[in-house]
Amino acid sequence: MPDCSLNEVQMYGLRAARGARMPWGLAEEAGRAARWLCARGLPGAEWLQRLLARLEGSDHAVHAPLTAESPWRATAAPLCPVTCGAALSDGIGNPQSLRLAGVACPALLAPFVARVVPDGHCLALRWQDCELLIGPDGLLAPLPGLAALGVETGDEVALVKAPLARAAAPLVPRAGAVAVPSATWQALDALAHRTYVPASDESRARGAGAGALDND
Amino acid sequence: MTVANAPRTPPPALPLRPPGVVMRLARMGAFHQTRLSFMRTLLRRLAAEHWSVERTRWRIAADGTGSAVYEARGPHHRYSLVCFAHRIDPAERTDRVIAERWDATFALFDGVPDEADLDRLAANVPLQEAGRCSQSELVLSRANKSVRLFEHVLGRLAEGRQPDPAQIAEVGYLMRTTAVYGNGKFGVADRERIAVRPELAGPFRAEMLAVWLIRAFTVDLVEHLARARAPDKAVAMDRDLRRALGVGNATGLGMAPFLVNHPALLHTWMAARETALARVRAVQRAENARQQAFAAALAGARQQVAGWRTADARQSARIERLARDLQTLDARAGNGYLDGPRPWDALYRWAESALDTEAQELLVSLLIEPHGDLVDGLGDCMSLDEEQCFRIDGTWPVQRLRASIERDYAWALAADFAGTRNAHSRFWYVSEEKLEPRLGERFDEPGAELEQPYATGRDVAALYRDSAAFASNTRLGKLLLVFPQHRHAARRVQVAARFPYAEIRDNLVGADLVPIDLLRCKLSFFGATRFDPRSDRWVRITMFQGAPFPDELAGAGTDFDDWVYPCRTAR
């Protein structure tokens, strides 16, 4: 279980998402989302890796939401939480009353929901027997159990406005090492590798721009 | 906020130079260090806060291998540079990132390491990328000797003589770093951990602190080896001569994408520098003391340019022209010219047509130099929370997006990316071998489908083209649902709309791109000097040349900050 920096989680999340054929701008959102969760003590890297394992290999567009419908659903299951979250963040849909069907790793919606919380309220993100409360300052404690949070698919996901609970305290993001399971890290790394270009003698000589002696 | 803490009214300033002038690679690639550069702001702070540095460990054997620790103590925090010195085969000594062994390796430790920390670091730091750091480390770095100069200095000191100043001037450093990693790389601490500390709040402060301490180590090492070789005869280096030693650095394409990946941060750097210039240009009268300080800086710069060595033909020609331009500038600025109204502005406007870009930008540095009271506060404005710039505002109507692109990316809309191969004949990629950015030839090399998103102009132009299919009041969020591939470009457009100096207004994949222009810009903000291109994609520079050593910080006095220009330091 290597200890990673948050920056590594974000960077590898970005590269792995790109390796899983997400467009660059969405891959950036994916890396940020994993970091956001990890900074709050949640297994963001694992969730992202599990999402990407389900999405990779297919055209990303089929997992984007058909937002004219209710609930939002994908052309081909599952619905991508990063794409839905980005749309929500972009002002698509009503964050105070939204339903989504068949969302992979629905906890990955949380970082995006945090961007659209109306003043003086909080939003409740629900699926199956799980509810996450997100206030103006972020994710509110207490959190549901990890098993409920980490479901493969949120069959019926709902986002609704909720009164701001007085007792609830936002989780304070922390800087520090994140323990990422080796299998997760290897899977992210394998996806990230798809974005790298293998070296050839020609590119080695040209790409880095060597030439002059540097041994003086 | 108390009244005492209320912001002062900023000094008057003329309008800033427009981004269309400043954000061109040909200009950015001609930047020189200024008093806002990070090395200089770091040392000013360390001096003002009476930092002390102590070598708390020195276990270097006579063969030059072992470990050492330098502890820097400030008012609130301590930082320790942990050094490991190695013996390597000359064939292994390469500056390129593919190297696996180095003459010395370093970590900047947050606090004071205990023996267990040192054991852990000894097992990992020498491996660099192949090892693993923890959140207790802020910076990971390594360096190779300039064998030629190191051996010369060692030999001379062992003979009881001082090294030849000409040879020191020729090379400028005993060791050069080949990478200085921070901000979470290879497991070191994320920037959030330290960004709240005033001494490290500015960009790259921890990295600069590490390099400054590495410089002290290189001199201690050579003196130590001289004593080991000739215990009875060896001498220490003369202080003035020692000052002429900086730390070298070899930098390649790995650094190039930084400015593209951090547009809002780039804006803060550029805006600080441009604001400094605009404040100086607004000064109504130049007092004698300022004129003298300007003249001294100019004389120092001329001396520096005279000693600026490079084998690179393009840069050599530029240095020759620069030397001539500085002579012209010297003549112009004399004979009472600066006694007129708004003299600095007059001088700058004259230079715009009379001098080449290299000299114009050096003049910017020289104009800023004597005006620390007007500009030094801007050093605190060179960072920002980039998270605040990440979210896309999906409510923008397409009309606004298009107007924004027309204003900030006219240069990109004018390029013919579809019709002209030269407009996109390059592509940026990450090499599988070293996980580093590289530049490829799109039509000759494989891998273009794995291109990194640095074709900023081409991609924004594509967004603009596709946006034409939408009604002008359609929201950007809708457009991005249809065209998710434009999300990256849309974000850039919005950042550029908020931060005018965020975007480099040049084609980064064109046949005529000179990648080292990107490096030069960033390195000038670090405070690097003696920019020495070794090809169009990697350069050598010198850092902290002329700067006080840790044991000179306390006694540096009022002329403490005058170390950049050599005729002042060679007192």
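## Contact between chains A and B

In this predicted model, chain B gives 56 residues to the contact and chain A gives 42 residues. Several elements of chain B each supply at least two residues to the side that touches chain A. The helices are α5 (147-158), α7 (191-195), α20 (476-482) and α21 (487-498) of chain B. The strands are β8 (426-431) and β9 (437-441) of chain B.

## Strand pairing across the chains

Strands of a sheet pair through backbone hydrogen bonds, either parallel or antiparallel. Strand β10 of chain A, residues 196-197, pairs with β8(B) in the parallel sense. Two bridges join β10(A) and β8(B). A:Val197 has B:Ser431 as its bridge partner in β8(B).

## An open sheet in chain A

Chain A holds an open sheet of five strands. Their order is β4-β8-β5-β6-β7, and the pairing is antiparallel. Which strands of chain A are at the edges? They are β4 (97-104) and β7 (138-139), and each pairs on one side only.

At the β7(A) edge, the partner is strand β6 of chain A, residues 130-135. β6(A) and β7(A) pair in the antiparallel sense, over two bridges. A:Gly135 has A:Gly138 as its bridge partner in β7(A).

## Chain B as a whole

Chain B contains 23 helices and eleven strands. Its C-alpha atoms fill a box of roughly 85 × 60 × 55 Å along the principal axes. A compact globule of 571 residues would have a radius of gyration near 25 Å; chain B has 25 Å, so the two agree.

Of the 571 residues in chain B, 51% are buried.

## A helix pair in chain B

Two packed helices are described by the angle between their axes and the distance between the axes. Helix α17 (residues 398-408) and helix α19 (residues 456-467), both of chain B, have axes that come within 10 Å. The axes cross at roughly 140°. The crossing of α17(B) with α19(B) is left-handed.

Which residues meet where α17(B) contacts α19(B)? From α17(B) come B:Val398, B:Leu401, B:Arg402 and B:Ile405. From α19(B) come B:Val460, B:Tyr464 and B:Ser467. The residues of this contact divide into five nonpolar, one polar and one charged.

Methods:
Residues are numbered from 1 along each chain as its sequence is written. Chains are lettered from A and ligands numbered from 1 in the order in which they are written. This is a predicted model: local features need pLDDT of at least 70, side-chain atom pairs count only at pLDDT 80 or more; totals for chains, interfaces and linings use all residues. Two strands pair if DSSP finds at least two bridges between them. Helices (H or I, at least four residues) and strands (E, at least two) are DSSP runs, numbered from the N terminus. Two residues are in contact if their C-beta atoms, placed from the backbone, lie within 7 Å. Axes are lines fitted to C-alpha atoms, for helices over the stretch in contact, and angles run from 0 to 180 degrees between N-to-C directions. A crossing is left-handed if the near helix is turned anticlockwise from the far one by less than a right angle, and right-handed if clockwise. Ala, Val, Leu, Ile, Met, Phe, Trp, Tyr, Cys and Pro count as nonpolar, Asp, Glu, Lys and Arg as charged, and the others, Gly among them, as polar. The radius of gyration is taken over C-alpha atoms; the globule rule is 2.2 Å times the number of residues to the power 0.38. A residue is buried if 20 or more other C-beta atoms lie within 10 Å of its own, exposed if 12 or fewer, and partly exposed in between; C-beta atoms are placed from the backbone.
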